Amino acid sequence: MTLDSRLVAPMIILLLFIPSELVKAEVITLTPETFSDKIKEKDTAWFVKFCVPWCKHCKKLGNLWEELGKAMEGDDEIEIGEVDCGTSRAVCTKVEIHSYPTFMLFYNGEEVSKFKGKRDVESLKAFVIEETEKAAEKAQLEDKEL
């Protein structure tokens, strides 16, 4: 089955007018089944938000994490993830989450750092890029020593 060329152009035009807020950003939900394997991906940084649905500070973030996901699209070395500590309590216990929201950066399966700065896309993006570069350099040095 092929599409009639007379239908393709109008379909493309319609897609261009879909509001950007309806396009889901690349934020990956991590669960007890996926968390460990995902954050251990070689040469990949995972910036993860740990929240619970009832937390007023988490609610106050609104679409911030999705906006960060959109801002980071195209960066193959950095993934944006989230963990619902209400349904994935085992993950949050394992990485010692004691307050919400918590933002943690992992690289090659290791915790690199926690974000404690201003909660806006620019600050989060600058943090994750800078810390990922540091972690990648450290990992390269360690690989050379082996």
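**Close-up views of a predicted model**

Of the 146 residues in the protein chain, buried residues make up 36%. The structure shown in these figures is a predicted model.

**Figure 1. The protein chain contains six helices and five strands.** Among the contacts with a separation of 6 or more, 71% are made by residues 24 or more positions apart.

**Figure 2. A disulfide joins C85 to C92.** A disulfide is a covalent bond between the sulfur atoms of two cysteines. In this bond, the distance from S to S is 2.0 Å, and the count for the model comes to one disulfide. The torsion about the S-S bond of C85 and C92 is about -85°, so the disulfide is left-handed. Both of these cysteines, C85 and C92, are buried.

**Figure 3. The cysteine sulfur closest to that of C55 belongs to C58.** C55 is buried, with a relative accessible area of 5%. Another cysteine, C51, counts as buried because its relative accessibility is 9%, and the limit for a buried residue is under 20%.

**Figure 4. The largest nonpolar core has 38 residues.** Those with the most contacts inside this core are F35, F47, F50, W65, I80, V83 and F106. At least two residues of the core are supplied by each of α2 (35–39), β2 (45–51), α4 (64–72), β3 (78–84), α5 (89–94), β4 (102–107) and α6.

**Figure 5. Buried residues of helix α4 pack against strands and a helix.** In α4, the buried residues are L64, W65, E66, L68, G69 and M72. An α-helix has 3.6 residues a turn, so residues three or four places apart point the same way. The elements against which the buried residues of α4 pack are β1 (27–29), β2, β3, β4 and α6. After α4 comes G74, and the phi of G74 is positive, near 95°.

**Figure 6. The largest pocket holds about 230 Å³ of space.** Its lining consists of Y107, N108, E110, E111, V112, A135, K138, A139 and E142. The elements that give two or more residues to this lining are β5 (110–114) and α6 (121–145). With four residues, α6 provides the largest share of the lining. By class, four of the lining residues are nonpolar, one is polar and four are charged.

**Figure 7. The second largest pocket has a volume of about 150 Å³.** Which residues line the second largest pocket? They are E96, I97, H98, S99, P101, T102, F103, K114, F115, K116, G117 and R119. This lining divides into four nonpolar, four polar and four charged residues.

Technical notes. Residues are numbered from 1 along each chain as its sequence is written. This is a predicted model: local features need pLDDT of at least 70, side-chain atom pairs count only at pLDDT 80 or more; totals for chains, interfaces and linings use all residues. Side-chain values use heavy atoms; hydrogens and water are left out. A disulfide is a pair of cysteine sulfur atoms within 2.5 Å. Buried means under 20% relative accessible area, exposed over 50%, partly exposed in between (1.4 Å probe, protein chains only). On a 1 Å grid over the protein atoms alone, a cavity is a set of points where a 1.4 Å probe fits but cannot get out, and a pocket is an open set with protein on both sides within 12 Å along at least five of seven lines; lining residues have an atom within 4 Å of a point. Grid points are joined across faces, edges and corners, and a volume is the space filled by probe spheres set on the points. Ala, Val, Leu, Ile, Met, Phe, Trp, Tyr, Cys and Pro count as nonpolar, Asp, Glu, Lys and Arg as charged, and the others, Gly among them, as polar. A nonpolar core is a set of buried Ala, Val, Leu, Ile, Met, Phe, Trp, Tyr and Cys residues joined through side-chain atoms within 4.5 Å. Contact means heavy atoms within 4.5 Å.
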